[in-house]
Amino acid sequence: MGFVILIHADKCSGCQMCEVACSLKHMKECNPERSRIRMIKTEQNGQYDLLPSTCMQCETAMCELVCPMKAISRNPRTGARMIDEKKCIGCSSCSYACPFGACFVDRKIGKSIVCTQCDGDPTCVKVCPSGALEYVSSDRVNIALKRSAAKRLVDAAALVTVTANPASC
Amino acid sequence: MPLEWLNFIDGQLLEIVFYLFGIGLGIRCLAFLVNIIKSQFLPDQGFAWKKARKILYLLAVFFLPYHRGLVKQPVYTILRYIFHACLFFIPVFYSGHLNMLVDTHLGWYWEPIPDNYIETATLLVIGMGCLFIARRIVLQRTRKQSSLMDIFFILITILPFITGYWYVNETLDHISFFKNYMWYLHVFSGEVMMTMAVFLFIRTKLEASRCVGCSSCTISCPTGTLEVKETGTKRNFLYSQYLCICCGACVSTCPETAAILKHEISIPLFFRFFGKKKINEITMNRCEGCRKVYAPDPQIEKIKTILCANAIIPPETMGYCRRCKQLLSNHMRLPHPI
């Protein structure tokens with residue numbers, strides 16, 4: 001049950017189109033700070049890693065448990081978490097509890113916001129030019145992850161064999 | 001009691017108290033208007049009437065029986081509204097008072113409410129006052145919050161009504177002291193009540209033992225009366241009483257029921273027209289990754305207890321800020337390829 005936004009890290013080019021589209025659709029302005037999907041950037045050994053990060057749709061969601069007003073619920077159709085804006089008071093309990101840093105309190109409207117998957121039709125997936133974002137059923141995620149891991153292993157093994165005896169090629 | 005004292009209570013003191021009442025309330029209204037025009041919460045753009053409309057709306061919230069505290073204590077809030085409405089209507093529309101007013105040099109007169117209604121309402125006020133005092137003494141939660149002063153306010157408020165009722169109905173006239181002096185007792189208690197009303201404020205208080213420092217009360221506040229200021233690792237809650245319209249937004253919002261609206265009598269407060277007062281202080285903790293001031297300590301503790309109660313071990317990422325959490329989670333999920 002449920003759908004997730006699957007992130008292919010190797011395909012992402014870091015163009016930040018998803019952030020712009022998300023904030024434009026939900027907040028009516030191009031402001032990556034107010035976007036529900038955030039690009040994170042790390043630098044390690046001179047190599048830059050750019051990755052989108054968004055709500056993971058946990059099975060037992062901590063945000064749902066700790067909310068004092070019981071404002072967070074699941075969309076019955078897509079299984080995505082959604083926040084009732086009338087109940088939310090902006091105490092940011094959910095943002096402190098979330099292990100992924102996905103939900104946060106928008107200071108302009110004073111309410112907590114989280115990825116709702118645009119009600120089953122995510123804009124970020126539509127605008128992503130490199131196909132790094134994919135909207136899939138959550139039971140497909142494991143298979144996709146396993147496939148990508150296997151591919152990575154095969155590539156690495158090939159690399160090892162190439163570097164071990166360069167004469168063979 | 002000497003006659004000149006009685007005449008003083010009846011005559012000059014009454015006049016002084018009326019002037020004090022009018023001027024004091026006028027100054028308070030003026031201070032409210034100046035504060036509300038200065039505040040940042042009015043729309044910046046737009047015409048002047050847009051601002052005026054907002055001010056009128058805020059004033060309407062102050063005067064109309066619409067209280068967001070209704071959500072939490074419906075019966076008590078409705079009773080309180082009836083009580084306050086009676087406090088205004090009984091003295092202003094009682095025919096005896098109006099007959100006295102028409103004899104003065106002002107010569108004002110308006111249509112009084114029939115006497116039998118006034119009598120019922122007076123009994124209602126006295127009954128409700130006794131009920132409020134009993135509530136303060138009996139209920140455990142309110143007893144902790146209230147001091148002797150709160151009971152004193154209610155007593156002072158209902159005393160003119162009691163003496164007035166006795167005076168009109170001649171209930172205690174078989175005792176000669178009350179027969180002679182009930183009128184003066186009524187006038188004097190009324191004067192005390194009116195003097196108190198000038199210096200009586202209703203203020204928001206945050207109970208330090210319950211407040212977790214989430215600052216949702218400051219988000220919900222429509223006038224910017226409650227403000228949060230962070231200095232170092234401390235989060236300070238500031239309050240300016242002349243901006244407060246007693247709408248009860250903070251009371252209804254607070255998830256811990258730490259915010260309460262409470263009467264307070266204070267002469268220095270009356271003269272502090274623009275100051276802000278610190279009403280609570282919460283310690284913040286720093287993100288373990290970037291050392292940025294991040295979350296209030298009591299709230300993190302509360303979240304941990306909730307998670308433990310639901311048989312979930314609080315994750316290690318709890319002490320990190322949002323940005324660090326995103327980095328951490330992705331590093332764990334996506335290690336670098338071999």
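In this predicted model, one helix pair of chain B meets through a defined set of residues: B:Ile156, B:Thr157, B:Leu159, B:Pro160, B:Thr163, B:Gly164, B:Trp166 and B:Tyr167 in α8(B) are in contact with B:Met182, B:Trp183, B:Leu185, B:His186, B:Ser189, B:Gly190, B:Val192, B:Met193 and B:Met196 in α9(B). Sorted by class, this contact of α8(B) with α9(B) comprises eleven nonpolar and six polar residues, with no charged residues.

The geometry of the pair may be considered next. Two packed helices are described by the angle between their axes and by the distance between those axes. Helix α8 of chain B spans residues 148–169 and helix α9 of chain B spans residues 176–198; they pack at an angle of about 155°, and their axes lie 8 Å apart. Because angles over 145 degrees count as roughly antiparallel, α8(B) and α9(B) are roughly antiparallel to each other. The crossing of α8(B) and α9(B) is left-handed.

Chain B has a radius of gyration of 26 Å, whereas the globule rule gives 20 Å for 338 residues; the value for the chain is well over that of the rule, so chain B is more spread out than a compact globule. Along the principal axes, the C-alpha atoms of chain B fill a box of roughly 100 × 50 × 35 Å.

Of the 338 residues in chain B, 22% are buried. Among contacts in chain B between residues at least 6 apart in sequence, 67% join residues at least 24 apart.

How values were computed:
Residues numbered from 1 in each chain as written. Chains lettered and ligands numbered in written order. Predicted model: local features only at pLDDT ≥ 70, side-chain atom pairs only at ≥ 80, totals over all residues. Rg over C-alpha atoms; globule rule 2.2 N^0.38 Å. Buried ≥ 20, exposed ≤ 12 C-beta atoms within 10 Å, placed from the backbone. Contact = placed C-beta atoms within 7 Å. Axes fitted to C-alpha atoms, helices over the stretch in contact; angles between N-to-C directions. Helix = DSSP H or I, 4+ residues; strand = E, 2+ residues; numbered from the N terminus. Parallel < 35°, antiparallel > 145°, perpendicular 65-115°, else oblique. Left-handed = near helix turned anticlockwise from the far one by under 90°. Nonpolar A, V, L, I, M, F, W, Y, C, P; charged D, E, K, R; others polar.
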